[in-house]
Structures are given as C-alpha cells and as structure tokens.
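User: Hi! I am new to reading protein structures, and I would like to go through one with you step by step. Could you show it to me?

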Amino acid sequence: MRKHIVAGNWKMNNDLPQTELLLTELLKQNQTSDAEVMIAPTFTNLWQAFESLRQESIEVIAQNMHFAENGAYTGEISASMLKSIGIKTVILGHSERRAYYNETDESLAKKVDAALANDMRTIFCFGEELQDRKSENHEAVVESQIKNALFHLEADAFKNIVLAYEPVWAIGTGETASPEQAQDMHAFIRKTLADKYGNDVADSVSILYGGSVKPGNAKEIFGKPDVDGGLIGGASLNAEDFYAIVNAF
Ligand code: PEP
C-alpha cells in the first residue's frame, strides 16, 4: 500500500516568530489523518520546528541540501548536518532551484545519492514548462528528468524516494493541472518506473502532485488513483488551508 503524503513547502517565508506562530496554528489543526504530514521551513528554523513537533505526527523536512559531505561550499548545508538535527527527509530538484540556481538532472543525481547514502528520504521534484505542454512534449521532458536523475539507482533505493510531479506552469500561478492531466501524467510516470524496475517498485512509490493545490481542488486531485498526495506551496502557509488539504484524503 502506497503512503499518502501531504508536504508543505514554506520556501523562503516565515522568520522565527512567524514560524512559531504557524507551528502553534498547525498544532491546533493537527489530528489523525490518513496522510503523512510534513512541513519544510527554511534552514534557520528547522531546529525550532523539529523541537516543537518532536512528539507530533508532523515531520519536519528540508527544502534542499548540497551533495558534498562537507568542505569549501560557502552557504551550503549537507545531509549529515540535517541528519544531526533529526531531519530525515529532503526536497530535491524543486523547479525554483532548477530555474534560479542552475540545478540540473546531473547535479540532482549527486544530491539524491548523498541523501540515500545518509539514509535520508528524498522528495524528488520535476515537471515540464508551459511550452513543453503546449508542444505536447511534456511526457518526454518528464521522462528524461526522471531517467537522468534517478535511473542509475538500484531498485531497492526507491523505498526512500518519493516523486513530486510539479508542472512549472502550475506552481504559484493559481493555474492547476486538471485532475485528469495529473492522473495521466502520474500513470505515465508509474509506467516509466515499471518499465525500468518492474511493477512492484512502480506500485510502491508515492507520486505527489504539486501546483496550486488549494482546499477547493485537493479532493478531486487526490481522488485520482495514481495521485498519492501533494506538495503544497502557498496554501501551506495557512494552517487552516493546509489541513483542509490534508483532510481531503
Ligand atoms: C511548490 O512550490 O512546490 C508549489 C506547489 O507551490 P504552489 O502550491 O504555491 O503552487
């Protein structure tokens, strides 16, 4: 049975007092849910969030990390640093990191390896741009992103991989892939995995959808058979909205 996951990516939002406030609001909403719930605050607030949620069923995860263990990489954070404060999951390959920080499938493959070497779970993000969809090239783009960054892995590694399909044209734009578009792509992704690793692996990997998921559309999107949850940006900054999405399962 695949895990349902709803992860909130706070991006570069919330200083420490704002983080404390949102954590308090989230704890008011938190209740037993069918989905694993995660939040990704910014690096400076990870420890505070981790401490506040230590006894709670909300996992604190990181938004990014470097592929090296340590060394002369000013401003970067390594997997072992994250692990040392209790972080066990990291988002890698978000489209904003690809667009603004030149992250490529090749550098992401190294980051995935570093996360796995540290027994960390990766939420691996990918997705096509608007022109790829308009030219009906979206499946080819997504297939190459997955193959280039992940297909050097052994099948066993996929127990620590969560996929997040995030069409770039739907992130932060208010524009959402229709539930049918999401389902079609998720089924395609699962088939791509099955062709390489077999059905057991393909059926066990959770595939999240990300791109303007809101309380009003979550139920329909999560209702699709190959959509196993969501990576939520904007709506994760409001505790009520975030839990309305979590409770859509
Ligand atoms: C995201 O940044 O991963 C995302 C899905 O953002 P939003 O929900 O705001 O579109």
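User: Thanks! In which helix does Lys83 lie?

Analyst: Good place to start, and please keep in mind that this is a predicted model. Lys83 belongs to a helix that covers residues 79–84. That helix is α3.

User: Is Lys83 buried, partly exposed or exposed?

Analyst: Buried means under 20% relative accessible area and exposed means over 50%, with partly exposed in between. Lys83 has a relative accessible area of 38%.

User: How far apart are the C-alpha atoms of Lys83 and Ala115?

Analyst: Along the chain, Lys83 and Ala115 are 32 residues apart.

User: How far apart in space are Leu153 and Asn137, C-alpha to C-alpha?

Analyst: Leu153 is found in the loop between α7 (138–150) and β6 (161–165), and its relative accessibility of 9% counts as buried. Leu153 and Asn137 are 16 residues apart in sequence. From C-alpha to C-alpha, the distance between Leu153 and Asn137 is 25 Å.

User: Let's turn to another loop. Which residue's side chain has a polar contact with the side chain of Glu103?

Analyst: Glu103 is in the loop between α4 and α5. With 8% relative accessibility, Glu103 counts as buried. Its side chain makes a polar contact of 2.7 Å, and the partner is the side chain of Lys111.

User: Is Asn102 buried or exposed?

Analyst: Asn102 is also placed in a loop, the one between α4 (95–100) and α5 (105–117). The phi angle of Asn102 is near 55°, a positive value in a residue other than glycine. Exposed means over 50% relative accessible area. Asn102 has 63%, so Asn102 is exposed.

User: Is Ser212 buried or exposed?

Analyst: Ser212 lies in the loop between β7 (207–210) and α10 (218–222), and its phi is near 55°, positive in a residue other than glycine. The cut-off for buried is under 20% relative accessible area. Ser212 has 9%, so Ser212 is buried.

User: Now the ligand! How many residues surround the ligand?

Analyst: The closest ones are Lys11, His94, Glu166, Gly172 and Ser212. By class, the shell has four nonpolar, eight polar and two charged residues. The number of residues surrounding the ligand is 14.

User: What percentage of the ligand's accessible area does the protein cover?

Analyst: On its own, the ligand has 290 Å² of accessible area. The space taken by the ligand is the largest cavity. The part of the ligand's accessible area that the protein covers is 98%.

Key. Residues numbered from 1 in each chain as written. Predicted model: local features only at pLDDT ≥ 70, side-chain atom pairs only at ≥ 80, totals over all residues. Heavy atoms only, no water. Near = heavy atom within 4 Å. Areas by Shrake-Rupley, 256 points an atom, 1.4 Å probe, with all protein chains shown as cover. 1 Å grid on protein atoms, 1.4 Å probe; cavity = no way out; pocket = protein on both sides within 12 Å on 5 of 7 lines; lining within 4 Å. Sits in = over half its atoms within 2 Å of the grid points. Nonpolar A, V, L, I, M, F, W, Y, C, P; charged D, E, K, R; others polar. Helix = DSSP H or I, 4+ residues; strand = E, 2+ residues; numbered from the N terminus. Buried < 20%, exposed > 50% of the residue type's maximum accessible area, 1.4 Å probe, protein only. Polar contact = N/O pair within 3.5 Å; in protein donor to acceptor, adjacent residues only side chain to side chain.
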